[in-house]
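Please look over the sequence and the structure shown below, and then work through the exercises, each of which is followed by a solution in steps.

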Amino acid sequence: MQLPVAIDYPAALSLVQDELPKYLLAPEVSALLHYLPDWNQHAFINTLWNAGPRLNEALALRRRDFHLNDEIPHVVIRTAKQRRAGGGRPKKGKSANRVVPLSDPAYVDEMRRLFASTKEQFEDDIITGERRARPIWSVSDRTVRNWLVRAIDAAGRDGVRFSIAVSPHTFRHSFAMHLLYGHVHPKIIQGLMGHEKFESTEVYTKIFALDVAASQD
C-alpha cells in the first residue's frame with residue numbers, strides 16, 4: 001500500500017499495548033509477503049493489506065468486484081456484518097457495499113497478472129439454476145491461516161522476526177493504522193473499514209494519538 005507516510009518505527013513499536021489492536025508496520029508486511037512465494041497466496045494476503053477486508057469478506061471476493069482499469073482502481077467489498085443483519089439487507093439509507101481505492105500500482109499490477117493467468121470459475125446456483133462466478137480464492141479460513149504459519153516459519157528460519165503474533169485480521173488492523181499514519185481522516189477510514197459505528201474506528205485513533213504524543217516528548 002502506498003501512502004506518503006513518515007513513521008518513527010521504534011516509537012510506533014513501543015506503543016503496541018495489550019488492550020489495543022495489534023498491527024504490523026509497513027516494512028514488516030513487506031517482509032512477510034516476501035515469504036509467500038506462491039503467487040495466489042501472495043495476492044490474497046496482499047489484498048488483506050491493501051484493502052483491509054475481514055477474512056470472510058476477502059474470501060467472498062469475485063473478479064467483478066475488482067475495477068483495475070478505472071481511472072482510480074478500486075475494489076467493491078460487501079460488508080459482512082451488514083450483509084448478515086436483517087436477512088442480508090442493510091438498514092435504510094445504508095449500503096452493504098463499500099468502495100476501497102487501491103493506491104499501490106504494484107498491487108494493482110499483481111491482480112491484473114493474476115486475472116490474466118487464471119481462468120474464472122463458475123458454479124450452478126441450486127436455487128435459481130443460473131451460473132454464477134465463484135470466489136477468486138475458493139479456500140477455507142484455516143487454509144489462509146496455514147499459509148501465514150508457513151510464511152512466518154520460513155521467515156524465522158532466516159532470522160526474521162515480527163513484533164506481534166500474526167493472524168489474517170492483523171492485516172486489517174495494519175491497513176487502518178497505515179491510513180492514519182498517512183493522515184487519512186478517521187471518518188473516511190470508518191467508511192473504508194465498513195464500521196457501522198465510529199466507536200469501532202476510534203480504537204485506531206487512540207493508538208495514533210499515543211504516537212503523536214510520544215513524538216513530541
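**Exercise 1.** At what angle do helix 8 and helix 9 pack, and how far apart are their axes?

*Solution.* The model is a predicted one, in which local features need pLDDT of at least 70 and side-chain atom pairs count only at pLDDT 80 or more, while totals for chains, interfaces and linings use all residues. Residues are numbered from 1 along each chain as its sequence is written, and side-chain values use heavy atoms, with hydrogens and water left out.

Helix 8 and helix 9 (residues 186-193) pack at about 155 degrees, and their axes lie 10 Å apart. Helix 8 is therefore roughly antiparallel to helix 9, a term for angles over 145 degrees. As for contacts (heavy atoms within 4.5 Å), Arg172, Phe175, Ala176, Leu179 and Leu180 of helix 8 meet Pro186, Ile189, Leu192 and Met193 of helix 9.

**Exercise 2.** Which residues of helix 7 are buried, and why are they on the same side of the helix?

*Solution.* Begin with the buried residues (under 20% relative accessible area, with a 1.4 Å probe and protein chains only), which in helix 7 are Val144, Trp147, Leu148, Ala151, Ala154 and Ala155. They share one side of helix 7 because they cover an arc of only 125 degrees around its axis. Next, turn to the other side of helix 7, where Arg142 and Arg157 are exposed, that is, over 50%. Finally, ask what covers the buried residues: the cover includes helix 2 (26-34), helix 3 (39-51), helix 4 (55-59) and helix 8 (168-181).

How values were computed:
Helices (H or I, at least four residues) and strands (E, at least two) are DSSP runs, numbered from the N terminus. The arc is that of the directions from the helix axis to the C-beta atoms. Axes are lines fitted to C-alpha atoms, for helices over the stretch in contact, and angles run from 0 to 180 degrees between N-to-C directions. Angles under 35 degrees count as roughly parallel, over 145 as roughly antiparallel, 65 to 115 as roughly perpendicular and the rest as oblique.
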